[in-house]
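Subject: Structure for you to look at

Hi there,

Here is the structure I promised to send over. Have a look when you get a moment, and my notes on what turned up follow below.

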Amino acid sequence: MTEQQLEAFNVDDMDALLELEHLDPAQRADLLDKIPERVSTLLAIFESELNGVVKNPTRIAERMVFVLANYFGGKKIYLPRNDALLKLMRNISIYRAYSKGAPIKDLMKKHRLTDVMVYRIISDFTAAERARQRAKTPDLFPETLEDKK
């Protein structure tokens, strides 16, 4: 993280910049009209999702938008479509359930997949897990140039 990114978490600075909730409704509406449409859309989405979940959804939504702007402002970023994220989360769920002993038939039924698809998901995650473990394990017998001669 850069110093500028770390400064985004400085509460005093953010409090000074994020006082929208203390404005009267007319001032707030005027200010929000000046914010780019996609930023105000993000603000509305975050606030809506946080409503009923946290004490002060407006304040937290504003902070989230500010932090995103600090990290990604002026940059193009790729966000996968929701179905891609849901598919990944489903696959993680399948792998974890299988790792805990869930039968393949139960996984097929629960996720409405064929046995081939379930086995492929498990195989892919198992291979990735093995690769991570190999990367963590130090080589006990490293080859030297002399060994290759």
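Helices (H or I, at least four residues) and strands (E, at least two) are DSSP runs, numbered from the N terminus.

Please keep in mind that this is a predicted model, where local features need pLDDT of at least 70, side-chain atom pairs count only at pLDDT 80 or more, and totals for chains, interfaces and linings use all residues. Residues are numbered from 1 along each chain as its sequence is written, and side-chain values use heavy atoms, with hydrogens and water left out.

Let me begin with α7 and α8. Helix α7 covers residues 104–111 and helix α8 covers residues 115–136; their axes come within 9 Å and cross at roughly 105°. The two are therefore roughly perpendicular to each other (65 to 115 degrees; under 35 counts as roughly parallel, over 145 as roughly antiparallel, and the rest as oblique). On the α7 side, Ile104, Leu107 and Met108 meet Asp115, Val118, Tyr119 and Ile122 of α8, contact meaning heavy atoms within 4.5 Å. By class, this contact of α7 with α8 has six nonpolar residues, one charged and no polar ones. Here Ala, Val, Leu, Ile, Met, Phe, Trp, Tyr, Cys and Pro count as nonpolar, Asp, Glu, Lys and Arg as charged, and the others, Gly among them, as polar.

The loop between α7 and α8 holds Arg112. This residue has a positive phi of about 55° although it is not a glycine. For context, most residues other than glycine have a negative phi. Arg112 counts as exposed, at 78% relative accessibility (exposed is over 50% relative accessible area, buried under 20%, partly exposed in between, with a 1.4 Å probe and protein chains only).

Next comes α6. Helix α6 (residues 82–99) packs with α7 at an angle of about 155°, the axes being 10 Å apart. That makes α6 roughly antiparallel to α7. In this pair, Arg90, Ser93, Ile94, Ala97 and Tyr98 of α6 meet Ile104, Leu107 and His111 of α7. The contact of α6 with α7 has five nonpolar, two polar and one charged residues.

With α8, helix α6 packs at about 80°, and their axes are 9 Å apart. So α6 and α8 are roughly perpendicular to each other. The α6 residues in the contact are Leu88, Arg90, Asn91, Ile92, Ile94, Tyr95 and Tyr98, and those from α8 are Val118, Ile121, Ile122, Phe125, Thr126 and Glu129. They divide into nine nonpolar, two polar and two charged.

Finally, how many salt bridges does a search of the whole structure find? There are two, a salt bridge being a side-chain nitrogen of Lys or Arg within 4 Å of a carboxyl oxygen of Asp or Glu. One joins Arg81 and Asp83, with the closest N and O atoms 3.2 Å apart; Arg81 is exposed at 60%, while Asp83 is partly exposed at 44%. The other links the side chains of Arg132 and Glu129 at 2.7 Å, N to O. Those residues are three apart in helix α8, so about one helical turn separates them. Arg132 is partly exposed, with a relative accessible area of 44%, and Glu129 is partly exposed too, at 26%.

Conventions. Axes are lines fitted to C-alpha atoms, for helices over the stretch in contact, and angles run from 0 to 180 degrees between N-to-C directions.
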